[in-house]
Amino acid sequence: MLDKEIIAQLQGIFSNLATPLTLVVNGAADREDTAGMLEFARDFASASPAIDVKEDTSPTIEKAAVLALWRDGAPTGVSFCGIPTGHEFTSLILAVLNAAGQGKNLPDEALRRRIEALKGPADILTFVSLTCTNCPDVVQALNIVALLNPAYSNTMVDGGVAPEMVADYSVQSVPAVYADGRLISVGRADLGELVGKLEEAFGSESEKTAIDTAPKKFDVIVAGGGPSGAAAAIYLARKGLRTAVVAGRIGGQVKDTMDIENLVSVPLTTGPTLASDLRKHLEKYEIAIFDNRRLVKAELRDFPKRIVADSGETFEAPALVIATGASWRRLGVDGEDSYIGRGVAFCTHCDGPFYAGKRVAVIGGGNSGIEAAIDLAGICTHVDVFEFLDELKADEVLCERLSTFPNVDVHLSSAVTEVVGDGKKVTGLKVKDRKTDSVSDYAVDGVFVQIGLTPNSAPFSTEVPVNKRGEIIADTFGRTDIPGVYAAGDVTDVPYKQIIIAMGEGAKAALSVVDDRMRGEIPS
């Protein structure tokens, strides 16, 4: 099943593996998927003498083979229902390395304590598609939870091999995370976000998470780890400043992007690859990276500038660069939140296949909306595109391409007022014609929201000026009106939200920090 080249690569990855690990295949012996799982496990294990394979003919999940990872003869809590190929192959590799204590994506001490303090027990099912680019991050994060907290288990479930489970849980978006039967997360999420959701659902032994409350002090703090934040941190570190990056994840919104073809000098890359490259570049310098943090408070009027993360940690510096980027905008209408993951989706690449042969709606007539409609038109019976304005905002070439699909209707001057459902899934939309004020009902099975981005400025919006869209107002040098506070990238009012622009804005803000320090306008 695994070719010789892949096995050779695995041999290099596992060359120093010493901890005894076992891949236990659970499943009825007479089933074809069990035989396939055994073949995969044996090929995978052949890459290291530290890994062996065991067969257990008692199924742990009915009608599906499961691959469980054991360490020193005991379960680790990490399992895969369905052969973890595609994007999930990396999830298995990392699980093996992490189980052996050799992984590079294990959390730092503060987050590790939060994971270990989670109350349990809890059995987690993470539903995925092997073509989903957001799913591996969630699977890998929850595998870490299972490895660090023995009260937790995580099973990746490939919806393609367990359709009965998909139907039982009414899964319509991936990744979808169920803990003890409760839906706790849908869509992209990093380790810090998932730990927060588990804390909310199951509680935490807070006395175990006590941390040193003394502020962590630096010359400059960069809030955000996307293209803008990474560029700022690299420029600052190269100038010899003690720099910290505090972020949810390195790469930010870029990690949700598929093909990137307009990054000058790089003809083609992907969001996950670019995010990985940003981290590698950051790690070449003495930059303190605090990822998997969500900022909850900022005190910026005086020196030093102070920000507080949901981990309880406080960071202080004379200068702060805000580069927290943006997130997908929501419609903000009745029913939207209730049906996220049950008919309301944001990623056609991940969730489009769930709606093959069905009728769907795309909200938004910009480039992302029209690209989504084109993508869905090939697999869905019908696509309705609703645009608030009187004309589509997408590039002409995309609009021309859309017009070639006979199963697409475009509705201009249309405002979605409600997402309608039957309590389990989406059944339709209510849409107002902005010219006549008449409201129409549209029967759809899924709604893909593609209405652009909203700036992640909330922790700072009471401290620095923002415009009506919530964007931080910065001058052409990246300075805000508060000395020592700078802003860059998609969180600001800079026109054109593009990766290359964000990188340049981050570099510019960093150089302004250096210039202001030399002039004595901010403390050294």
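Me: How do you know which way the side chains of β6 point, and are they buried or exposed?

Reply: In this predicted model, Y152, N154, M156 and D158 point one way from β6, while S153, T155 and V157 point the other way. In a regular strand, side chains alternate between the two faces of the sheet. Residues on both sides of β6 are buried.

Me: What makes β6 a mostly covered strand?

Reply: Buried means under 20% relative accessible area. In β6, residues 152-158, seven of the seven residues are buried, so the strand is called mostly covered.

Me: Which strands pair with β6, and what makes them count as pairs?

Reply: A pair needs at least two bridges. Strand β4 (residues 74-81) has four bridges to β6 and runs parallel to β6; here C81 stands opposite V157. Strand β5 (residues 122-128) has seven bridges to β6, also in the parallel sense, and V128 has D158 as its bridge partner. Both β4 and β5 therefore count as partners of β6.

Me: Why are β14 and β29 called edge strands?

Reply: Look at the open sheet of five strands, in the order β14-β11-β10-β18-β29, with parallel pairing. β14 (287-290) and β29 each have a single partner strand, so one side of each has no neighbour in the sheet. From one strand to the next, the twist averages 20°. Within this sheet, four bridges join β10 (residues 220-223) to β11 (residues 243-246), with V220 opposite T243.

Me: How would you describe the direction of α8 against β10?

Reply: Helix α8 (residues 227-238) lies across β10, β11, β14 and β18, and runs at about 165° to β10.

Me: Why are α5 and α7 called oblique?

Reply: Their packing angle is about 55°, with the axes 9 Å apart. Roughly parallel would need under 35 degrees, and roughly perpendicular starts at 65, so α5 and α7 are oblique to each other. The crossing is right-handed. V138, A141, L142, I144 and V145 of α5 meet L191, L194, V195 and L198 of α7; by class, these are nine nonpolar, no polar and no charged residues.

Me: And why does S457 count as buried?

Reply: Its relative accessibility is 5%, and the cut-off is under 20%, so S457 counts as buried. S457 is in the loop between β28 and β29, and touches V466, G470, I472 and V491, leaving aside residues up to four places away in sequence.

Definitions and conventions: Residues numbered from 1 in each chain as written. Predicted model: local features only at pLDDT ≥ 70, side-chain atom pairs only at ≥ 80, totals over all residues. Heavy atoms only, no water. Axes fitted to C-alpha atoms, helices over the stretch in contact; angles between N-to-C directions. Helix = DSSP H or I, 4+ residues; strand = E, 2+ residues; numbered from the N terminus. Parallel < 35°, antiparallel > 145°, perpendicular 65-115°, else oblique. Left-handed = near helix turned anticlockwise from the far one by under 90°. Contact = heavy atoms within 4.5 Å. Nonpolar A, V, L, I, M, F, W, Y, C, P; charged D, E, K, R; others polar. Buried < 20%, exposed > 50% of the residue type's maximum accessible area, 1.4 Å probe, protein only.
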